[in-house]
Amino acid sequence: MFNFHHVGYVVENLQDSIKRFEILGYTSSGTYIDNIQNVKIVILDNHESPIIELILPIGEGNPLNRFLGENSSTSPYHIAYSVEDIKESIDFLRTNGFIATMKVAPSVAFDNKPFIFFYSQSTGLIELIGS
């Protein structure tokens, strides 16, 4: 039902993060602006490793800025799973105590597939991406 898709990192400097992930064998496969979440996204691929999504908050008031902290400029922020039926998966997570943090929206970085974030104290933030 839930297939690992990617790890999302909140970053303060996209170029610095891209350079560091390039050392690990990653290459950029696309840059996107998400006006719903007010973020700039860079997708990094490495055929031997999971996808990395770099997320740069746009604007001082962006809620993602809290993940950066005073002494950190990059932070793993969420784990994403692809799902066949997003409505069924949403219902399943809600039934099992996960809390939706947003409404379903189109993912500009992943072919406008529907996505949603959920939170659980035991798992942290997870993202579902529909087919």
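**A loop residue and the ring pairs**

Modeller: Let's start with aspartate 111, which sits in the loop between strand S7 (105-107) and strand S8 (113-120). Keep in mind that this is a predicted model. Aspartate 111 has a relative accessibility of 68%, so it counts as exposed, because the cut-off for exposed is over 50%. Serine 131 is 20 residues away from aspartate 111 in sequence, and their C-alpha atoms are 9.7 Å apart in space.

Now for the rings. The structure contains seven aromatic pairs. One of them joins phenylalanine 2 and phenylalanine 92: the ring centres are 6.1 Å apart and the planes meet at 40 degrees, so this pair is tilted. Phenylalanine 2 belongs to the segment before strand S1 (3-11), while phenylalanine 92 belongs to helix H2 (residues 86-95), so the pair ties together parts that are 90 residues apart in sequence. Phenylalanine 2 is partly exposed, at 27% relative accessible area, and phenylalanine 92 is partly exposed too, at 40%.

Another aromatic pair is made by phenylalanine 21 and tyrosine 26, with 5.6 Å from centre to centre and 85 degrees between the planes, an edge-to-face arrangement. Phenylalanine 21 is buried at 11% relative accessibility, and tyrosine 26 is buried at 8%, because buried means under 20%.

Finally, look again at phenylalanine 2 and phenylalanine 92: ring pairs link Phe2, Phe4, Tyr81 and Phe92 into a cluster.

Notes. Residues numbered from 1 in each chain as written. Predicted model: local features only at pLDDT ≥ 70, side-chain atom pairs only at ≥ 80, totals over all residues. Heavy atoms only, no water. Helix = DSSP H or I, 4+ residues; strand = E, 2+ residues; numbered from the N terminus. Buried < 20%, exposed > 50% of the residue type's maximum accessible area, 1.4 Å probe, protein only. Phe/Tyr/Trp six-rings, centres within 6.5 Å; stacked < 30°, edge-to-face > 60°.
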